[in-house]
Amino acid sequence: MKSSDVILQTTSKIVFFVILLFAIHLFFEGHYRPGGGFVGGLVTAGAIVLFLLAFDIKTVSILLPFDYKWVTAIGLLISILTAAGSIVFNVPFFTHTYDHFHLPLIGETSLHTAALFDLGVYLVVVGVTMTIIQTIGESE
Amino acid sequence: MAFQILLNLFIAFVWMFLKVSYDPGTFIIGYLMGLGMLFVVRRYFRSRFYLGKVWAAIYLVLLFFKELILSNINVLKIVLQPKLDFQPGIFEYKTILTKDWEITLLSNLITLTPGTLVVDVLENEKEKILYIHAIHVPDAHEAIDGIKNTFEKAIMEVSR
């Protein structure tokens, strides 16, 4: 007979998705209400950390096979490209633009390039947080 | 279970297409008709008719609320007594449940009712043992029987 983490593991399997949904919700709320890329990224990292606590590093790395350094790099690239995109249209660096579109299912929404910049921030925060935690966790 | 629900949804959608109206009212009527049809042919499914399972889940929730209120009153009595004459203790509880989610649900129900608390779960291939701390156990067998007759039975009813 050995002690088992059955309660923690089963609960985290369910709670993970709730936290992830909340993170996505925070990310998209950022323009009009409290939230945004930074908080969304931290909450996402929190969801992954919950898995790390319930299972072990090997299992989680099989489940989410990302190299988080690359995630950070891609996030920075998205942010810099979003900022640099304004140069092409002959306006100052970091000028954002938005327009109203009619999307299927969602309806009338305004799409803003700041959301892309926020996506970069989101990826950087997830990547950096997970890199720090995994590096500390793996060092024997 | 899942197949029956899917079939019921399918029947409801077919009813909507037949009526060429896509409002929720038509869907609900189709769904209820599907329920009736599934009830008629319930013996041809491998699992039992799924409304029984839904009812068992609702019963489990109601049972949990009842136990919550009752055990809260019991703990309140213990707390408000001028002299402390309760006997805390830890007893082991051999459960007949096997699946992970059943164990988790049982443990959470036990923990959420005040006075009892799951300390640890031991398991091997054959059996699973819950260690439960209770604030007042004059008789461990009585407490074990209480859990067996309420929560465990209700959870078995859901997963049957």
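Reader: How many of the six residues of strand 2 (residues 98-103) of chain A are buried?
Author: The number buried is zero, so strand 2 of chain A lies largely in the open. Buried here means under 20% relative accessible area, exposed means over 50%, and partly exposed is in between, with a 1.4 Å probe and protein chains only. Strands (E, at least two residues) and helices (H or I, at least four residues) are DSSP runs, numbered from the N terminus.

Reader: What kind of model am I looking at, and how does the numbering work?
Author: This is a predicted model, in which local features need pLDDT of at least 70 and side-chain atom pairs count only at pLDDT 80 or more, while totals for chains, interfaces and linings use all residues. Residues are numbered from 1 along each chain as its sequence is written, chains are lettered from A and ligands numbered from 1 in the order in which they are written, and side-chain values use heavy atoms, with hydrogens and water left out.

Reader: Back to strand 2 of chain A, then: which strand does it pair with?
Author: It pairs with strand 3 (residues 107-112) of chain A in the antiparallel sense, over six bridges, where pairing requires that DSSP finds at least two bridges between two strands. Within this pair, His100(A) stands opposite Ser110(A) of strand 3. The hairpin has three residues between the strands, and Leu105(A) takes a positive phi near 70 degrees there.

Reader: What is the strand order in the open sheet of four strands?
Author: The order is 1(A)-2(B)-3(B)-1(B), with antiparallel pairing. Its edge strands, each pairing on one side only, are strand 1 (2-3) of chain A and strand 1 (89-95) of chain B.

Reader: How many bridges join strand 1 of chain A to strand 2 of chain B?
Author: Two bridges join them, and the two strands run antiparallel; in this pairing Ser3(A) stands opposite Leu122(B).

Reader: And what joins strand 2 of chain B to strand 3 of chain B?
Author: A hairpin connects these two strands through four residues, and seven bridges hold strand 2 (residues 116-123) antiparallel to strand 3 (residues 128-134) in chain B. Glu123(B) stands opposite Lys128(B) of strand 3. Helix 4 (residues 100-112) of chain B packs on the sheet, touching strand 1, strand 2 and strand 3 of chain B, and its direction makes about 155 degrees with that of strand 2 of chain B. For such angles, axes are lines fitted to C-alpha atoms, for helices over the stretch in contact, and the values run from 0 to 180 degrees between N-to-C directions.

Reader: Is Thr95(B) buried or exposed?
Author: Thr95(B), which lies in strand 1 of chain B, counts as buried because its relative accessibility is 8%. Not counting residues up to four places away in sequence, Thr95(B) touches Ile103(B), Leu106(B), Lys128(B), Leu130(B) and Glu152(B), a contact being heavy atoms within 4.5 Å.

Reader: What about Thr26(B), buried or exposed?
Author: Thr26(B) is buried as well, with a relative accessible area of 9%, and it lies in helix 2 (residues 24-40) of chain B. Leaving aside neighbours within four places in sequence, Thr26(B) is in contact with Trp15(B), Met16(B), Lys19(B) and Ser21(B).

Reader: Changing topic, how many salt bridges are there over all chains?
Author: A search of the whole structure finds five, taking a salt bridge as a side-chain nitrogen of Lys or Arg within 4 Å of a carboxyl oxygen of Asp or Glu. Among them, Glu92(B) and Lys94(B) meet at 3.2 Å, N to O, with Glu92(B) partly exposed at 34% and Lys94(B) partly exposed at 42%. Another is formed by Lys69(A) and Asp67(A), whose closest N and O atoms are 3.8 Å apart; Lys69(A) is exposed at 55%, whereas Asp67(A) is partly exposed at 41%.

Reader: And which residue does Lys99(B) form a salt bridge with?
Author: Its partner is Glu102(B), with the closest N and O atoms 3.9 Å apart. Lys99(B) is partly exposed, at 42% relative accessible area, while Glu102(B) is buried, at 3%.
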